[in-house]
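Visitor: Let's walk through this one together. Could you show me the model before we start?

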Amino acid sequence: MHALVQGVILGVLTGGVYALMASGQTLIFGIMKVVNLAQGAMVILGAYLAYQLFVSFGIDPFLAIPITTLIMFAVGVAVQLLFLRPLRREDRSELSLLVTFAVALLLEGFMSITWNTSYRSINTGYENASWTVFGYQITQVRLWAFLLSLAALGLLFLLLNRTRFGRAVRATVQNPDSARLLGVESDRVAALGFGLGAATAAAAGSVYGLLYPFNSGSHYDLISRLLSIVVLGGLGSVGGAVVAAVIVSTSSAIVASTVSPSWSEMTFFVILMLVLLVRPQGLFGTVGRGAL
Amino acid sequence: MVSQSNRLRLGVTAAFVVGLISLAACSGTSNGSGSSAKSKPLVIGASISLTGDFADPGKAVKAGYLLWAKQVNAKGGILGRQVKFKIVDDTSSPSQVVTNYQNLINQDHVDLVFGPFSSLLTVPASQVAKRFGYSFIEPAGGGPAVFDAKLDNLFFIQPAPVIKQGEVFADWILSLPAAARPKTAAYAELDDPFAAPIAEAIRARFEAAGIKTVYKQVYPAETQDFSPIAAKIAAAKPDVLVSGTQSEDAYAQVKSLVQLKFSPKFMYMSNGANSPVEFPSKVGASNTTGITSSGDWFPGSTAFGSAAFSAAYIKAYGGTADTIDNTSAESYAAGQVLEEVAKKTGKIDNATIIKTLHSGTWPTVLGNLSWNAIGEPKGTFHLVQWQGGKLVPVYPADVAKAKPLYPKPSWGG
């Protein structure tokens, strides 16, 4: 029982971080019907940026987030303008797989050259501190990471629901043609939306670097998890991504705690398969139109 | 048609003959100009991972080779011949490494070859060397697969095969008086040929000696969160924790145990914990105290040529003795072995090397090395322990610089 509860605590806290990464991924899909295979690489790039700011200037990774999100927002906009916009609308979904994979490899190469292939981790000095609550260990950095992810998701929610830009984004997701007819500049929304997705990757990257060691190749593991989360939650649904992220990390943490770490990755894929058999559109996905 | 092709063949043959004659003439003139075999440089070929997964350790191998070459050349070379390395990049790829050694041997006609980094690359590379009758002195391929091939031309330049790395920890624990020995043990093992078997070898000896196994877990390489494993270890409260680790998983295990505030009385990690710079930087220097691991070269070692190696390394690459990568010491030792063969036999060719190294002991910066018929080293590693923020050899007594510290103090102590 103790191991089970400890597993749930770990899973929920970690789930928050994955939710942040996946929200960007699902947003990009929702807006442009682009499956962004570079999202994992962007998270790792965000982690490297936070690492560099910490090592060179002593900036705490949490405080570095405004800087790294701005940089990654610009990277995201640039990627959209340079690589995705030129694609023809009709085959954008299919081609975007190749193009974003190429972007992922490009980023990986850039990171290997800049920081070489050794694993890095951001060691702030407080990364091992933990509280004991009723006999359960709560790692401080995980709790901060979780709270930060919640705050970032809250901001994203406000942005999507309370601003003009957000309304334009939602309109584009739900019905791109009508949105265009009503005067939404879909190209601009797409560029900014991609930037926003990259910015969430940067925020999640700072936190990821605090929790786990990473190198330029870490994005392969990440992207497979992210895609699964996004599919489980329903493509294009930010809320679905959050719920799915928590399910993923909680189920794998519980299995790791109570059965064996060897089965933990597998468990999640079993859940994914079962859900897709019953609900092919994912937990919160819709069939006809966008889900945002 | 037929006649045309015959004419063509004739032409080619003629060109070939002319080429041969001119080649012979060339070599004749070069001999004539007084260049003897003795003053010709001794070219050693090696394929090293300068890019790809093994780029970092690969560079450490290269640093050791080149440092040795510089040292030996300053002393007048080997049997009067200057040592030259021809190093090519294999991008950490097992197929490229084969191409590289074939080219080094058949096109570049290097005199000797040294090994690449990792068992993964050593296995195919050693086969190429064997096929062409080259000796294969290699400092960085000690996994079971390397010796499974049972090659007689291969010599692994480390004190023992990788899976025997943990024997020294078992030796030490079992040498303690019965009252001081741990009663219970936990094992956390990375599912990797270089990690789990080391811990398993220790477990076999511990169980035979009556140390009870209270927890054992093999974890896959993708494991990111060690909290579940650490929680189970903490719940089992073992006296000794034996971790079959590589690098990142070692750091993560320590971090998780610190977070759970569980500190066993004895702790051994096969790898990761023996990295002098990375380990304290990843887990925090104050958390290292009392953790043991296996090592071969260490700063302040009195082994053959060690002081000179250390001084030359710092001069060439900067840093301090504590930051010298063991991998460089191992590749440097490969050169030392070669030097000793030449000194002993007065010859430096592949057949002599293969014949000579199978008997006797050979002094290196890693201590005295000797090999069995298939190139497995017959020695043992040293037990190293973190004390006062430094990695110190503590067992066996003849190499120890300090007494082993036990029980291990709690984290941060």
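Guide: Here we go, starting with a strand. Both faces of β10 (residues 292-295) of chain B are covered: B:Thr292 and B:Ser294 on one side, and B:Ser293 and B:Gly295 on the other, are all buried. Buried means under 20% relative accessible area, with exposed over 50% and partly exposed in between (1.4 Å probe, protein chains only). Strands are DSSP runs of E with at least two residues, helices are runs of H or I with at least four, and both are numbered from the N terminus.

Visitor: Before we go on, what kind of model is this?

Guide: Residues are numbered from 1 along each chain as its sequence is written, chains are lettered from A and ligands numbered from 1 in written order, and side-chain values use heavy atoms, leaving out hydrogens and water. Local features need pLDDT of at least 70, side-chain atom pairs count only at pLDDT 80 or more, and totals for chains, interfaces and linings use all residues, since this is a predicted model.

Visitor: Which residue stands opposite B:Val392 in β14(B)?

Guide: Start at β10(B), which pairs antiparallel with β13 (residues 382-387) of chain B over four bridges; two strands pair if DSSP finds at least two bridges between them. Five bridges then join β13(B) to β14 (residues 390-395) of chain B, again antiparallel. One residue of β13(B) stands opposite B:Thr292, and that residue also faces B:Val392: B:Gln385.

Visitor: Which residue in the turn between β13(B) and β14(B) has a positive phi?

Guide: These two strands form a hairpin with two residues between them. The phi in question is about 60°, and it belongs to B:Gly388.

Visitor: In the open sheet of five strands, which ones stand at the edges, and why is one side of each left without a neighbour?

Guide: The pairing there is parallel, in the order β2-β1-β3-β4-β5 (chain B). Each edge strand has a single partner, so one side of it has no neighbour in the sheet. Those strands are β2 (83-89) and β5 (154-156) of chain B.

Visitor: What angle does helix α3 of chain B make with β1(B)?

Guide: Neighbouring strands of the sheet are turned by 25° against each other on average, direction ignored. Axes are lines fitted to C-alpha atoms, for helices over the stretch in contact, and angles run from 0 to 180 degrees between N-to-C directions. Helix α2 (residues 55-74) packs on the sheet at about 165° to β2(B). Helix α3 (residues 94-106) packs there too, touching β1, β2, β3 and β4 of chain B, and its angle with β1(B) is about 170°.

Visitor: Is B:Pro220 buried or exposed?

Guide: B:Pro220 sits in the loop between β7 (212-219) and α8 (227-236) of chain B. Beyond its neighbours within four places in sequence, it is in contact (heavy atoms within 4.5 Å) with A:Pro261, A:Ser262, B:Leu190 and B:Asp191. With a relative accessible area of 14%, B:Pro220 is buried.

Visitor: Which side chains meet in a salt bridge across the interface of chain A and chain B?

Guide: The contact takes 29 residues from chain A and 26 residues from chain B. About 2200 Å² is buried between them, counted as accessible area (1.4 Å probe) that two parts lose on being put together, summed over both. The rule, a side-chain nitrogen of Lys or Arg within 4 Å of a carboxyl oxygen of Asp or Glu, finds one salt bridge across the interface. At 2.3 Å, N to O, the pair is B:Asp225 and A:Arg142.
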